[in-house]
Amino acid sequence: AERLANKTILITGASAGIGQATALEYCAASNGKVKLVLLARRLEKLQELKNTIIKDYPETKVHIERLDVTETEKIRPFLENLPEDFKDIDILINNAGKALGSDKVGNINIEDIEGMIQTDVVALINFTQAILPLFKKKNSGDIVNLGSVAGREAYPTGSIYCGCKHFVRAFTQSLRKELVDTKIRVLEVAPGNVETEFSLVRYKGDADRAKKVYEGTVPLFADDIADLIVYTTSRKQNTVIAETLVFASNQASPYHIYRG
Ligand code: 8X3
């Protein structure tokens with residue numbers, strides 16, 4: 001908890017799911033002693049989250065901003081124009097991401113392809129590149145990239161998403177090697193199934209189909225992953241939890257899921 005005190009944490013995709021849970025978990029773990037910069041497309045969700053945080057931790061400083069991470073040209077100006085109090089970011093959580101559709105190669109529509117690549121790959125690159133000058137200047141900072149079991153093992157009907165998450169892993173590994181002579185930590189947290197809006201988005205609002213993903217299992221929830229993100233970024237400076245593959249107890253691969 002002490003190690004998190006006064007840290008400024010930037011979270012993309014903070015309006016729901018793992019991003020939202022991570023914002024709350026940083027507050028809980030630091031007893032409200034962090035500064036949060038929370039981004040998402042849905043500003044009203046961020047406002048609700050900010051209200052919740054301030055209610056429990058009145059001293060926490062929270063800056064919310066509507067930003068679609070795929071709007072590349074807005075990322076650097078956003079960072080440059082942050083209020084003074086929030087400029088000195090210590091931890092970047094590249095959380096925004098999604099799977100769209102479950103079509104086989106040959107039938108994947110271009111909007112889904114571009115939607116995934118822009119959010120899961122291009123936005124993650126852009127935020128990382130935009131934050132690096134600051135981290136290099138300080139010779140410190142944590143970059144947490146949200147990978148997936150899909151970045152370890154590709155499965156049918158997930159070609160683009162699996163490709164994106166394999167990219168996240170490769171990019172994270174390259175960057176960690178490039179920064180080996182610095183104190184900047186580059187971390188990948190790679191969850192299996194986590195019950196969030198993820199499947200609802202993948203199946204385009206088909207709630208029955210989304211529910212089936214988690215049916216009969218004891219799934220992971222967003223706060224379980226948040227707990228791990230906070231854990232990895234609150235280790236001693238000399239400790240880099242480089243990669244973490246996280247499953248619910250009933251999952252062992254994209255296809256090994258026990259449904260009691
Ligand atoms: C989410 C997990 O199994 O749907 O990244 O790829 S999975």
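Which residues are buried in H2? They are Leu-46, Leu-49 and Ile-53, where buried means that 20 or more other C-beta atoms, placed from the backbone, lie within 10 Å of the residue's own, while exposed means 12 or fewer and partly exposed is in between. Looking down the axis of H2, you'd find these buried residues within an arc of 60°, so they line one face of the helix. That arc is taken from the directions from the helix axis to the C-beta atoms.

An α-helix has 3.6 residues a turn, so residues three or four places apart point the same way.

This is a predicted model, in which local features need pLDDT of at least 70 and side-chain atom pairs count only at 80 or more, but totals for chains, interfaces and linings use all residues. Residues are numbered from 1 along each chain as its sequence is written.

Turned away from the buried side of H2 are the exposed residues Glu-44, Asn-51 and Lys-55. The buried ones pack against these elements (contact means C-beta atoms, placed from the backbone, within 7 Å):

| Partner of H2's buried residues | Residues |
|---|---|
| helix H1 | 17–30 |
| strand E2 | 35–40 |
| strand E3 | 61–66 |

Now zoom out. The protein has 8 helices and 9 strands, which are DSSP runs numbered from the N terminus (helices: H or I, at least four residues; strands: E, at least two). Of its 260 residues, 40% count as buried. Its C-alpha atoms fill a box of roughly 45 × 40 × 35 Å along the principal axes.

Definitions and conventions: Two residues are in contact if their C-beta atoms, placed from the backbone, lie within 7 Å.
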